[in-house]
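Please look over the sequence and the 3D structure shown here before reading on.

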There are 2 protein chains.
Amino acid sequence: MTGSDLTAAVVAVYDTWMRTVDLVEPVLAAHRLTTATFQALWAISPDEDPPSMKTLAERLYCNAPNLTFMTNQLADRGLVERVVDPSDRRSRVLVLTAKGREVRGEVVEAVLAKTPLGTLSEAELHQLSGLLARALRR
Amino acid sequence: MTGSDLTAAVVAVYDTWMRTVDLVEPVLAAHRLTTATFQALWAISPDEDPPSMKTLAERLYCNAPNLTFMTNQLADRGLVERVVDPSDRRSRVLVLTAKGREVRGEVVEAVLAKTPLGTLSEAELHQLSGLLARALRR
DNA sequence: TCCACTAGTTCGAGTCTCGAAGCATCTTCC
DNA sequence: GGAAGATGCTTCGAGACTCGAACTAGTGGA
(Lines give C-alpha, C1' and ligand atoms only; values in the text may rest on other atoms or scores of the structure.)
Protein backbone atom coordinates (compact mmCIF):
# COMPACT_ATOMS: atom_id res chain seq x y z
CA MET A 1 0.00 0.00 0.00
CA THR A 2 1.79 3.12 -1.25
CA GLY A 3 -0.70 5.74 -0.06
CA SER A 4 -0.17 5.58 3.70
CA ASP A 5 2.05 8.66 3.95
CA LEU A 6 -0.41 10.49 1.76
CA THR A 7 -3.33 9.30 3.87
CA ALA A 8 -1.63 10.49 7.03
CA ALA A 9 -0.99 13.90 5.50
CA VAL A 10 -4.60 14.32 4.37
CA VAL A 11 -5.89 13.31 7.79
CA ALA A 12 -3.47 15.69 9.49
CA VAL A 13 -4.59 18.59 7.31
CA TYR A 14 -8.24 17.79 8.02
CA ASP A 15 -7.62 17.51 11.75
CA THR A 16 -5.66 20.74 11.90
CA TRP A 17 -8.41 22.69 10.21
CA MET A 18 -11.29 21.13 12.15
CA ARG A 19 -9.44 21.62 15.39
CA THR A 20 -8.78 25.27 14.62
CA VAL A 21 -12.45 25.86 13.87
CA ASP A 22 -13.49 23.99 16.98
CA LEU A 23 -11.24 26.04 19.24
CA VAL A 24 -12.30 29.34 17.72
CA GLU A 25 -16.01 28.56 17.88
CA PRO A 26 -16.65 30.25 21.27
CA VAL A 27 -15.18 33.51 19.99
CA LEU A 28 -17.35 33.29 16.87
CA ALA A 29 -20.45 32.68 18.97
CA ALA A 30 -19.67 35.80 21.00
CA HIS A 31 -19.89 37.79 17.76
CA ARG A 32 -22.98 35.86 16.58
CA LEU A 33 -20.96 34.38 13.75
CA THR A 34 -21.16 30.82 12.47
CA THR A 35 -18.43 28.85 10.75
CA ALA A 36 -19.82 29.77 7.36
CA THR A 37 -20.14 33.50 8.00
CA PHE A 38 -16.75 33.52 9.68
CA GLN A 39 -15.12 32.01 6.60
CA ALA A 40 -16.76 34.62 4.42
CA LEU A 41 -15.63 37.44 6.70
CA TRP A 42 -12.13 35.97 6.89
CA ALA A 43 -11.94 35.89 3.10
CA ILE A 44 -12.49 39.64 2.77
CA SER A 45 -9.11 41.18 3.43
CA PRO A 46 -9.23 44.83 4.47
CA ASP A 47 -5.85 45.33 2.81
CA GLU A 48 -6.90 44.31 -0.67
CA ASP A 49 -9.39 45.59 -3.20
CA PRO A 50 -12.87 44.54 -2.08
CA PRO A 51 -13.78 41.31 -3.87
CA SER A 52 -16.85 40.78 -6.04
CA MET A 53 -19.40 38.14 -5.11
CA LYS A 54 -18.03 35.95 -7.88
CA THR A 55 -14.46 36.23 -6.63
CA LEU A 56 -15.50 35.47 -3.09
CA ALA A 57 -17.60 32.48 -4.12
CA GLU A 58 -14.59 30.94 -5.84
CA ARG A 59 -12.42 31.64 -2.82
CA LEU A 60 -14.93 29.91 -0.54
CA TYR A 61 -15.63 26.99 -2.91
CA CYS A 62 -19.34 27.75 -2.88
CA ASN A 63 -21.90 28.80 -5.47
CA ALA A 64 -23.71 32.06 -6.06
CA PRO A 65 -26.96 31.47 -4.14
CA ASN A 66 -24.98 30.28 -1.18
CA LEU A 67 -22.84 33.38 -1.15
CA THR A 68 -25.90 35.60 -1.46
CA PHE A 69 -27.20 33.93 1.67
CA MET A 70 -23.95 34.43 3.62
CA THR A 71 -23.61 37.99 2.42
CA ASN A 72 -27.10 38.70 3.72
CA GLN A 73 -26.08 37.35 7.12
CA LEU A 74 -23.04 39.61 7.24
CA ALA A 75 -24.92 42.63 5.88
CA ASP A 76 -27.76 42.15 8.38
CA ARG A 77 -25.19 42.31 11.16
CA GLY A 78 -23.70 45.47 9.70
CA LEU A 79 -20.33 43.92 8.90
CA VAL A 80 -20.24 44.30 5.12
CA GLU A 81 -21.88 46.42 2.46
CA ARG A 82 -22.69 45.58 -1.13
CA VAL A 83 -21.36 48.28 -3.44
CA VAL A 84 -22.12 48.33 -7.15
CA ASP A 85 -18.95 48.10 -9.20
CA PRO A 86 -18.99 51.22 -11.45
CA SER A 87 -16.96 49.48 -14.13
CA ASP A 88 -19.54 46.65 -14.38
CA ARG A 89 -22.86 47.49 -12.86
CA ARG A 90 -23.93 43.85 -12.73
CA SER A 91 -21.19 43.15 -10.22
CA ARG A 92 -21.26 43.99 -6.51
CA VAL A 93 -18.10 44.23 -4.47
CA LEU A 94 -18.18 43.50 -0.76
CA VAL A 95 -16.78 46.26 1.41
CA LEU A 96 -16.11 45.82 5.13
CA THR A 97 -17.78 48.40 7.34
CA ALA A 98 -15.89 49.91 10.28
CA LYS A 99 -17.58 47.37 12.53
CA GLY A 100 -16.75 44.66 10.02
CA ARG A 101 -13.07 45.52 10.11
CA GLU A 102 -13.13 45.53 13.88
CA VAL A 103 -14.92 42.19 14.22
CA ARG A 104 -12.77 40.62 11.53
CA GLY A 105 -9.66 41.77 13.36
CA GLU A 106 -10.86 40.14 16.55
CA VAL A 107 -11.76 36.80 15.03
CA VAL A 108 -8.55 36.63 13.01
CA GLU A 109 -6.61 37.33 16.16
CA ALA A 110 -8.55 34.56 17.91
CA VAL A 111 -7.74 32.12 15.12
CA LEU A 112 -4.05 32.89 15.34
CA ALA A 113 -4.15 32.59 19.11
CA LYS A 114 -5.96 29.25 19.17
CA THR A 115 -4.84 27.29 16.12
CA PRO A 116 -2.62 24.33 16.92
CA LEU A 117 -0.23 25.72 14.31
CA GLY A 118 0.59 28.49 16.76
CA THR A 119 2.96 26.17 18.59
CA LEU A 120 5.25 25.85 15.59
CA SER A 121 8.31 28.05 15.16
CA GLU A 122 8.62 30.65 12.42
CA ALA A 123 10.94 28.33 10.52
CA GLU A 124 8.52 25.43 10.79
CA LEU A 125 5.60 27.59 9.68
CA HIS A 126 7.57 28.78 6.70
CA GLN A 127 8.40 25.22 5.77
CA LEU A 128 4.77 24.16 6.18
CA SER A 129 3.42 27.01 4.05
CA GLY A 130 6.01 26.23 1.44
CA LEU A 131 5.01 22.59 1.19
CA LEU A 132 1.31 23.35 0.96
CA ALA A 133 1.84 26.16 -1.53
CA ARG A 134 3.82 23.79 -3.71
CA ALA A 135 1.04 21.23 -3.55
CA LEU A 136 -1.67 23.78 -4.35
CA ARG A 137 0.25 25.36 -7.19
CA ARG A 138 0.13 22.32 -9.43
CA MET B 1 2.88 42.18 12.61
CA THR B 2 4.25 38.83 13.81
CA GLY B 3 1.39 36.58 12.68
CA SER B 4 1.76 36.72 8.93
CA ASP B 5 3.59 33.40 8.58
CA LEU B 6 1.02 31.87 10.87
CA THR B 7 -1.82 33.40 8.87
CA ALA B 8 -0.39 32.04 5.65
CA ALA B 9 -0.09 28.57 7.15
CA VAL B 10 -3.68 28.55 8.42
CA VAL B 11 -4.97 29.73 5.06
CA ALA B 12 -2.92 27.09 3.26
CA VAL B 13 -4.28 24.33 5.49
CA TYR B 14 -7.84 25.56 4.92
CA ASP B 15 -7.33 25.78 1.17
CA THR B 16 -5.78 22.34 0.95
CA TRP B 17 -8.67 20.72 2.75
CA MET B 18 -11.41 22.61 0.90
CA ARG B 19 -9.77 21.91 -2.39
CA THR B 20 -9.51 18.21 -1.63
CA VAL B 21 -13.20 18.05 -0.74
CA ASP B 22 -14.11 20.04 -3.82
CA LEU B 23 -12.22 17.74 -6.17
CA VAL B 24 -13.61 14.58 -4.59
CA GLU B 25 -17.20 15.79 -4.63
CA PRO B 26 -18.15 14.19 -7.98
CA VAL B 27 -17.03 10.78 -6.73
CA LEU B 28 -19.03 11.24 -3.54
CA ALA B 29 -22.11 12.21 -5.52
CA ALA B 30 -21.79 9.03 -7.58
CA HIS B 31 -22.12 7.07 -4.34
CA ARG B 32 -24.90 9.35 -3.04
CA LEU B 33 -22.62 10.58 -0.29
CA THR B 34 -22.35 14.14 0.96
CA THR B 35 -19.34 15.76 2.59
CA ALA B 36 -20.73 15.02 6.03
CA THR B 37 -21.50 11.36 5.41
CA PHE B 38 -18.20 10.93 3.62
CA GLN B 39 -16.29 12.23 6.62
CA ALA B 40 -18.16 9.84 8.87
CA LEU B 41 -17.45 6.92 6.57
CA TRP B 42 -13.80 7.94 6.24
CA ALA B 43 -13.48 8.01 10.02
CA ILE B 44 -14.46 4.34 10.39
CA SER B 45 -11.32 2.40 9.62
CA PRO B 46 -11.92 -1.21 8.59
CA ASP B 47 -8.56 -2.12 10.12
CA GLU B 48 -9.35 -0.98 13.66
CA ASP B 49 -11.90 -1.95 16.26
CA PRO B 50 -15.26 -0.49 15.27
CA PRO B 51 -15.70 2.83 17.07
CA SER B 52 -18.59 3.74 19.34
CA MET B 53 -20.83 6.66 18.49
CA LYS B 54 -19.10 8.68 21.19
CA THR B 55 -15.65 7.98 19.81
CA LEU B 56 -16.72 8.85 16.31
CA ALA B 57 -18.41 12.07 17.41
CA GLU B 58 -15.17 13.24 19.00
CA ARG B 59 -13.21 12.27 15.92
CA LEU B 60 -15.58 14.30 13.72
CA TYR B 61 -15.85 17.27 16.10
CA CYS B 62 -19.62 16.96 16.22
CA ASN B 63 -22.19 16.23 18.90
CA ALA B 64 -24.35 13.21 19.58
CA PRO B 65 -27.58 14.18 17.78
CA ASN B 66 -25.58 15.13 14.73
CA LEU B 67 -23.82 11.80 14.64
CA THR B 68 -27.11 9.97 15.07
CA PHE B 69 -28.32 11.77 11.97
CA MET B 70 -25.24 10.89 9.92
CA THR B 71 -25.28 7.31 11.13
CA ASN B 72 -28.87 7.03 9.96
CA GLN B 73 -27.82 8.23 6.53
CA LEU B 74 -25.08 5.63 6.31
CA ALA B 75 -27.25 2.87 7.75
CA ASP B 76 -30.10 3.69 5.34
CA ARG B 77 -27.66 3.22 2.47
CA GLY B 78 -26.53 -0.11 3.90
CA LEU B 79 -22.97 1.02 4.57
CA VAL B 80 -22.80 0.64 8.36
CA GLU B 81 -24.60 -1.26 11.08
CA ARG B 82 -25.17 -0.33 14.70
CA VAL B 83 -24.10 -3.15 16.99
CA VAL B 84 -24.73 -3.11 20.71
CA ASP B 85 -21.48 -3.26 22.64
CA PRO B 86 -21.81 -6.32 24.90
CA SER B 87 -19.48 -4.82 27.49
CA ASP B 88 -21.69 -1.71 27.82
CA ARG B 89 -25.15 -2.14 26.44
CA ARG B 90 -25.77 1.61 26.30
CA SER B 91 -23.05 1.94 23.68
CA ARG B 92 -23.36 1.11 20.00
CA VAL B 93 -20.33 0.47 17.86
CA LEU B 94 -20.44 1.18 14.15
CA VAL B 95 -19.47 -1.73 11.94
CA LEU B 96 -18.88 -1.37 8.21
CA THR B 97 -20.92 -3.72 6.07
CA ALA B 98 -19.34 -5.46 3.08
CA LYS B 99 -20.77 -2.72 0.87
CA GLY B 100 -19.55 -0.12 3.34
CA ARG B 101 -15.99 -1.43 3.11
CA GLU B 102 -16.19 -1.42 -0.64
CA VAL B 103 -17.57 2.11 -0.94
CA ARG B 104 -15.17 3.43 1.66
CA GLY B 105 -12.29 1.92 -0.26
CA GLU B 106 -13.39 3.66 -3.42
CA VAL B 107 -13.82 7.09 -1.90
CA VAL B 108 -10.56 6.88 0.02
CA GLU B 109 -8.84 5.96 -3.21
CA ALA B 110 -10.50 8.94 -4.90
CA VAL B 111 -9.30 11.27 -2.15
CA LEU B 112 -5.72 10.07 -2.51
CA ALA B 113 -5.94 10.38 -6.27
CA LYS B 114 -7.36 13.91 -6.28
CA THR B 115 -5.90 15.72 -3.28
CA PRO B 116 -3.36 18.40 -4.18
CA LEU B 117 -1.06 16.74 -1.65
CA GLY B 118 -0.66 13.90 -4.12
CA THR B 119 1.88 15.92 -6.05
CA LEU B 120 4.31 15.96 -3.14
CA SER B 121 7.10 13.42 -2.82
CA GLU B 122 7.21 10.81 -0.09
CA ALA B 123 9.85 12.81 1.72
CA GLU B 124 7.79 16.00 1.53
CA LEU B 125 4.69 14.20 2.76
CA HIS B 126 6.61 12.78 5.65
CA GLN B 127 7.89 16.22 6.55
CA LEU B 128 4.40 17.68 6.27
CA SER B 129 2.80 15.02 8.44
CA GLY B 130 5.56 15.48 10.97
CA LEU B 131 5.01 19.21 11.24
CA LEU B 132 1.24 18.89 11.61
CA ALA B 133 1.53 16.03 14.08
CA ARG B 134 3.87 18.14 16.18
CA ALA B 135 1.40 21.03 16.12
CA LEU B 136 -1.55 18.80 17.02
CA ARG B 137 0.26 17.00 19.78
CA ARG B 138 0.61 20.04 22.04
C1' DT C 1 -31.11 46.75 -32.41
C1' DC C 2 -30.89 42.07 -31.38
C1' DC C 3 -28.99 38.26 -29.03
C1' DA C 4 -25.98 35.50 -26.34
C1' DC C 5 -23.63 35.81 -22.19
C1' DT C 6 -22.55 37.06 -17.32
C1' DA C 7 -23.33 38.63 -12.16
C1' DG C 8 -26.42 38.26 -8.69
C1' DT C 9 -30.95 37.24 -6.57
C1' DT C 10 -35.11 34.58 -5.41
C1' DC C 11 -37.42 30.43 -4.53
C1' DG C 12 -38.06 25.85 -2.91
C1' DA C 13 -36.33 21.59 -1.35
C1' DG C 14 -33.11 18.93 0.91
C1' DT C 15 -29.23 18.52 4.21
C1' DC C 16 -26.82 19.62 8.31
C1' DT C 17 -26.29 21.18 13.20
C1' DC C 18 -27.44 21.57 17.84
C1' DG C 19 -29.92 22.42 22.49
C1' DA C 20 -33.40 20.34 25.31
C1' DA C 21 -35.78 16.49 26.80
C1' DG C 22 -36.29 11.52 27.15
C1' DC C 23 -34.93 6.48 27.52
C1' DA C 24 -32.04 2.71 28.78
C1' DT C 25 -28.09 1.26 31.03
C1' DC C 26 -24.17 1.61 34.06
C1' DT C 27 -21.93 3.06 38.60
C1' DT C 28 -21.66 4.73 43.15
C1' DC C 29 -22.74 4.79 47.66
C1' DC C 30 -25.61 3.69 51.53
C1' DG D 1 -30.22 -4.89 47.36
C1' DG D 2 -31.88 -0.19 45.90
C1' DA D 3 -31.99 4.79 45.29
C1' DA D 4 -29.44 8.58 43.00
C1' DG D 5 -26.60 10.28 39.78
C1' DA D 6 -23.83 9.70 35.54
C1' DT D 7 -23.36 8.18 30.76
C1' DG D 8 -24.50 6.77 25.76
C1' DC D 9 -27.67 7.42 22.53
C1' DT D 10 -32.10 8.92 20.32
C1' DT D 11 -35.98 12.02 19.39
C1' DC D 12 -37.82 16.40 18.56
C1' DG D 13 -37.95 21.01 16.95
C1' DA D 14 -35.79 25.02 15.24
C1' DG D 15 -32.38 27.29 12.85
C1' DA D 16 -28.53 27.40 9.53
C1' DC D 17 -26.48 25.85 5.26
C1' DT D 18 -26.36 24.33 0.36
C1' DC D 19 -27.76 24.03 -4.24
C1' DG D 20 -30.45 23.58 -8.81
C1' DA D 21 -33.75 26.08 -11.49
C1' DA D 22 -35.75 30.15 -12.86
C1' DC D 23 -35.49 35.10 -12.93
C1' DT D 24 -33.69 40.18 -13.37
C1' DA D 25 -30.34 43.49 -14.71
C1' DG D 26 -26.41 44.72 -17.23
C1' DT D 27 -22.69 43.86 -20.85
C1' DG D 28 -20.73 43.28 -25.36
C1' DG D 29 -20.49 41.69 -30.00
C1' DA D 30 -22.58 41.34 -34.77
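In this predicted model, helix α1 (residues 4-30) of chain A packs against helix α6 (residues 122-137) of chain B at an angle of about 35°, with the axes 9 Å apart. Helices are DSSP runs (H or I, at least four residues) numbered from the N terminus, and axes are lines fitted to C-alpha atoms over the stretch in contact, with angles from 0 to 180 degrees between N-to-C directions. The crossing of α1(A) and α6(B) is left-handed, a term used if the near helix is turned anticlockwise from the far one by less than a right angle.

Chain A can be laid on chain B with an RMSD of 0.0 Å by a turn of 180° and a shift of 0.0 Å along the axis, superposed by least squares on the C-alpha atoms of residues with pLDDT of at least 70 in both. That is the relation of a two-fold axis.

DNA strand D is surrounded by 23 residues, the closest being A:Thr34, B:Met53, B:Lys54, B:Ala64 and B:Pro65; a residue is near if its C-beta atom, placed from the backbone, lies within 6 Å of the strand.

Residues are numbered from 1 along each chain as its sequence is written, while chains are lettered from A and ligands numbered from 1 in the order in which they are written. Because the model is predicted, local features need pLDDT of at least 70 and side-chain atom pairs count only at pLDDT 80 or more, whereas totals for chains, interfaces and linings use all residues.

Key:
Helices (H or I, at least four residues) and strands (E, at least two) are DSSP runs, numbered from the N terminus.
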